[in-house]
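Here is a brisk report on selected local features. Please view the sequence and the structure first.

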Amino acid sequence: MRRPQTGWSTMRRGGRLVPCPPSLQEVVSVLSQAFHGIGALFALQPFFYMLLGIVVGLAFGVAPGLGGITAMAILVPLTYKLDQTSAFALLIGAASAVAFGGSVSAILINTPGTNQNVATCLDGYPMTRRGEGRRAIGISATASALGGVIGAVVLLALIPVMHSIVLAFAPPEYFMLCLLGLTAIAGVSGKNMLKGLVMGGLGMLLSFVGYDPVTGTLRYTFNLLYLYDGIDIVAAVIGLFAVAEMISLMVEGQTIVSKNVVEKPGGLLEGVKDVFRHWWLFVRSSIIGTVIGIIPGVGGGTANVVAYSHAVQTSRHPERFGTGIPEGVIAPESANNASFGGALVPTVAFGIPGSEMCVVLLGAFMLHGLVPGPEMLKEHVDLVFQMAWGVVFANIIASLIGVALMSWLVKMCSVRVSLLAPSVIAIALLGAYATAGSVGDVVVALIFGVFGYWMKKLDYPRAPLMIGLVLGNLAEVNFHLSMQIYGPGFLFRPISLVILVAILVFAFGPYVQRMAGARRRASA
């Protein structure tokens, strides 16, 4: 007999089928299909369409507010007359390149191109302001390319056991992951912990605007129809970072990089070295991104924030995060690119979208007569391998293109603010509008822009507000579901308990270390 999810042999034990180790013939067959997938991808026509998709993905990633969903939605109808290999080379190329494109605008102008690059702003932009823009882009290019490779490798390796892994995550695990991300508020609050906690609480309150997930009643809407669906996160983030920063530059009358700051030579190579200097953080963040990508419906935006939170909580110098350090770019960029490879696993294996872009990808499967699940893994496994290889090479090529254009992009930071600020604000507001075609999103971006400017002026950290806004509603929904399904005992589910222990370690570990250090110094 055959096990449809994997293709490995099965045997009956105790009245049920269990997988047995693959035979040499099965291993050779899988390797043959893997090489066939890479050969099909590098045929002339599919490779051309993959390059076209990469260029489109980079462009939509750099433009604030557009992102991968818009790019995929535009490209899917264009694949109707293409063969399956070319069609999915185009779509995978675009989806893989979006995250790196968004990191470029996040690093250079403090404008996250997509919701997957929100945390990249926190350290990437400060690096640019002190003349290390090339180094930050070098870090992003290297971490994005290698993170995407890890995600794709996991996609190939985990399909045989993915059914049990996906089913192991339920609302309790989602809730605990959100809590793990929220604990980073303490780490990114800077010197004034109270201000950071206030902003984190405000972010969570703002995430509760709209319908209550349990009772269905409206909260904090002030009878405004626009607020019934809550505050759009993309519009809020665009205002909080892009618009606020441009207002600040106009008030100060400066360029992004001061004339007194000289771009440091050798920055690109230094950025590449940074990733290998902090290789263990890179590996951990890539794993975090892949695991979160595998969880259906969570996506790279959450992976970006959780990986950054993990970097803060495990650092020996958490107070330096937000001032422009390499670790603050390595963690989110490796996680968000790895998450797409992880998100493809439930999408291909079970027809359950792992992220927002994978929802559009499911539509493309149907358009081309493909049914995700056991049938696809059995009848079209060569196409699955082609998609995995597409993720690998699209991430690498996108990073190389970004590096090739880096000198031109970095010059943008020295443009006069009278020219730069109006252009960035116009593009940012257009991106906020393009998200859902709502004028209300433009108003939200402007309001958050003014609010973000005053936060910066009064020395209130913006990162805690962003973390609370991104994770607050997700935590609330999954908490209610956990209580309804499992009761208070959901905390003692195995994976939940492991995450709870990690939360306690990250939350109280630094204080224990400080107390132990103080005692050692006192005894010395």
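## A loop with positive phi

F222 counts as exposed, because its relative accessibility is 69% and the cut-off for exposed is over 50%. The model is a predicted one. F222 sits in the loop between strand 4 (218-219) and helix 11 (233-252). Its phi is positive, about 55°, although F222 is not a glycine.

N223 lies in the loop between strand 4 and helix 11 as well. Phi of N223 is also positive, near 60°, and N223 is a residue other than glycine. With 73% relative accessibility, N223 counts as exposed. For context, most residues other than glycine have a negative phi.

## Helix 8 against helix 22

Two packed helices are described by the angle between their axes and the distance between the axes. Here the pair is helix 8 (residues 171-182) and helix 22 (residues 463-486). Their axes come within 8 Å and cross at roughly 150°. Angles over 145 degrees count as roughly antiparallel, so helix 8 and helix 22 are roughly antiparallel to each other. The crossing of helix 8 past helix 22 is left-handed.

Which residues meet in this pair? Helix 8 contributes P171, P172, Y174, F175, C178, G181 and L182. From helix 22 come I467, G468, L471, L474, A475, N478, F479, L481, S482, I485 and Y486. By class, the contact of helix 8 with helix 22 holds 14 nonpolar and four polar residues. No charged residues take part in the contact of these two helices.

Is N337 buried or exposed? N337 is buried, because its relative accessible area is 4% and buried means under 20%. N337 belongs to helix 15 (residues 327-350).

What does the side chain of N337 touch through a polar contact? The partner is the side chain of N395, at 2.6 Å. Leaving aside neighbours within four places in sequence, N337 is in contact with S96, A99, F100, S144, G147, G148 and N395.

## I447 in helix 21

I447 is placed in helix 21 (residues 439-457). Its relative accessibility is 53%, so I447 counts as exposed. I447 and L240 are 207 residues apart along the chain.

Notes. Residues are numbered from 1 along each chain as its sequence is written. This is a predicted model: local features need pLDDT of at least 70, side-chain atom pairs count only at pLDDT 80 or more; totals for chains, interfaces and linings use all residues. Side-chain values use heavy atoms; hydrogens and water are left out. Axes are lines fitted to C-alpha atoms, for helices over the stretch in contact, and angles run from 0 to 180 degrees between N-to-C directions. Helices (H or I, at least four residues) and strands (E, at least two) are DSSP runs, numbered from the N terminus. Angles under 35 degrees count as roughly parallel, over 145 as roughly antiparallel, 65 to 115 as roughly perpendicular and the rest as oblique. A crossing is left-handed if the near helix is turned anticlockwise from the far one by less than a right angle, and right-handed if clockwise. Contact means heavy atoms within 4.5 Å. Ala, Val, Leu, Ile, Met, Phe, Trp, Tyr, Cys and Pro count as nonpolar, Asp, Glu, Lys and Arg as charged, and the others, Gly among them, as polar. Buried means under 20% relative accessible area, exposed over 50%, partly exposed in between (1.4 Å probe, protein chains only). A polar contact is a pair of N or O atoms within 3.5 Å; within protein, one must be able to donate a hydrogen and the other to accept it, and residues adjacent in sequence count only if both atoms are side-chain atoms.
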